[in-house]
Structures are given as structure tokens and as C-alpha cells.
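Please work through the following exercises with the sequence and the model side by side. Each task is followed by a solution in steps.

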Amino acid sequence: MSRLILLNKPYGVLCQFTAESGHATLKDCMPVPGVYAAGRLDADSEGLLLLTDDGALQHHIADPRHKLPKTYLVQVEGEADDAALAPLRAGLDLGDFRTQPCDARRVAEPEWLWPRDPPVRFRKTVPTSWLEIVLREGKNRQVRRMTARIGFPTLRLVRIAIGPWGLEGLLPGQWRDAPPPELPASAARQAARVPGGKPPARGLPRASAQG
């Protein structure tokens with residue numbers, strides 16, 4: 001049976017199991033053999049990461065064609081109001097690509113959110129605000145590039161949901177198993193082409209959503 005794991009990836013952890021000098025990796029959080037990340041988060045981003053031992057499920061989750069929404073809480077420099085967020089909702093030209101329209105709104109600072117280690121830099125003269133951004137695509141450091149483009153640099157980025165899966169009950173470094181979804185027949189056929197339904201050691205799908 002396929003395995004699906006929900007991990008709250010801490011800040012500073014590389015999204016890989018291979019050891020790298022001076023950096024914590026997923027192996028430091030969850031020494032579970034035979035699973036691979038379905039999508040990624042940058043080392044300086046936190047929050048929900050999905051892992052599985054099933055190649056077809058990994059592809060289904062990570063492939064942007066399936067348009068699983070990814071929900072982020074974002075702390076930015078400055079007071080981002082509704083007018084400032086309008087370009088995000090309409091789609092934004094980042095130079096090398098144009099983002100798809102997304103959901104973006106200002107929210108209150110979440111009371112349940114754990115303190116970051118190390119803390120976000122604090123400047124008394126510069127206010128900050130919190131946003132909720134929902135993407136259905138994923139490019140390298142896209143959220144950070146989007147907020148910087150509209151003049152509100154990202155200070156902290158936490159992914160709180162991917163599709164139907166959320167962070168509820170997980171502190172940084174904690175993980176739990178979740179029932180894997182039933183895949184469509186096309187995904188099942190793809191799994192049959194991968195021995196044992198496992199992703200190969202090389203050529204894993206690249207990130208579909210990064211912070």
C-alpha cells in the first residue's frame with residue numbers, strides 16, 4: 001500500500017535526504033527510508049511538505065497540471081493593502097514568466113503560529129503585515145519574487161496547505177501518516193511503468209511549488 005506522509009519542515013532544513021555539510025536535511029526530521037518529497041520548499045521556507053513512496057502519487061501531487069492549490073502565510077515588510085495585492089490577483093510579470101492569477105488577501109497575524117528559529121529580523125521603524133496567498137502553479141521562489149515585485153519583501157514564508165492536506169497538529173519537525181488518495185486510471189498506468197511504483201533514484205520530478 002502506498003504511503004503518504006505530512007511533514008512540517010522547519011526553517012533552515014534542506015528539502016533532501018542526502019547529507020550536505022553544515023545543513024540539516026529531511027533525514028534529521030524523519031529517518032523514514034524509501035520516501036521522496038512530492039514538491040519542495042526552500043531552506044528558508046517552512047511548513048507543509050508531502051512525502052510518499054509511490055512514484056505515481058508523487059508525480060500527481062507535484063505536477064502543476066493537476067493544479068492542487070498551495071496555501072501560504074507570508075509575513076512581508078510594509079502595510080500591504082487591498083490595492084497593493086491587486087496585481088497578484090490579476091497575474092504578475094516577473095520578467096522570465098507571468099504568474100497566473102492567484103488568491104491573495106491580508107490576514108491577521110496567526111496566533112497559533114510557532115516562533116521562528118532564528119527569529120525574523122525586527123526593525124522598529126518598518127511595519128510588517130501578513131498575507132494569505134494561494135497558488136496553483138509553482139516556480140522557483142515564486143512567492144518571494146511576487147511580493148518583492150509589488151514592493152513588499154517577504155520576511156517569513158510558511159506553507160500551511162496543499163490541496164486537502166494541512167498542517168493541523170504538527171509543530172516544526174513533526175510528521176504523520178495520512179491516507180493516500182485514490183489516483184485516476186492514468187496515474188495508475190504511470191505507476192505500472194515504474195518498478196514497484198517507486199520513483200527512480202535519479203530524475204525525480206522537480207519542485208512544483210516552492211516558496
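**Exercise 1.** State how many salt bridges a search of the whole structure finds, and work out which parts of the chain Arg3 and Asp177 tie together.

*Solution.* The search finds twelve salt bridges, a salt bridge being a side-chain nitrogen of Lys or Arg within 4 Å of a carboxyl oxygen of Asp or Glu. One of them joins Arg3 to Asp177, with the closest N and O atoms 2.7 Å apart. Because Arg3 lies in the segment before strand S1 (4-9) and Asp177 in strand S11 (residues 175-178), the pair ties together parts that are 174 residues apart in sequence; strands (E, at least two residues) and helices (H or I, at least four) are DSSP runs, numbered from the N terminus. This is a predicted model, in which local features need pLDDT of at least 70 and side-chain atom pairs count only at pLDDT 80 or more, while totals for chains, interfaces and linings use all residues. Residues are numbered from 1 along each chain as its sequence is written, and side-chain values use heavy atoms, with hydrogens and water left out.

**Exercise 2.** Determine whether Asp44 and Arg144 are buried or partly exposed, and place their salt bridge in the chain.

*Solution.* The side chains of Asp44 and Arg144 meet at 3.5 Å, N to O. Asp44 belongs to the loop between strand S4 (36-37) and strand S5 (46-52), and Arg144 to helix H4, 100 residues apart. Asp44 is partly exposed at 23% relative accessible area, whereas Arg144, at 13%, counts as buried (buried is under 20%, exposed over 50%, partly exposed in between, with a 1.4 Å probe and protein chains only). Finally, salt bridges that share partners join Asp42, Asp44, Arg141 and Arg144 into one network.
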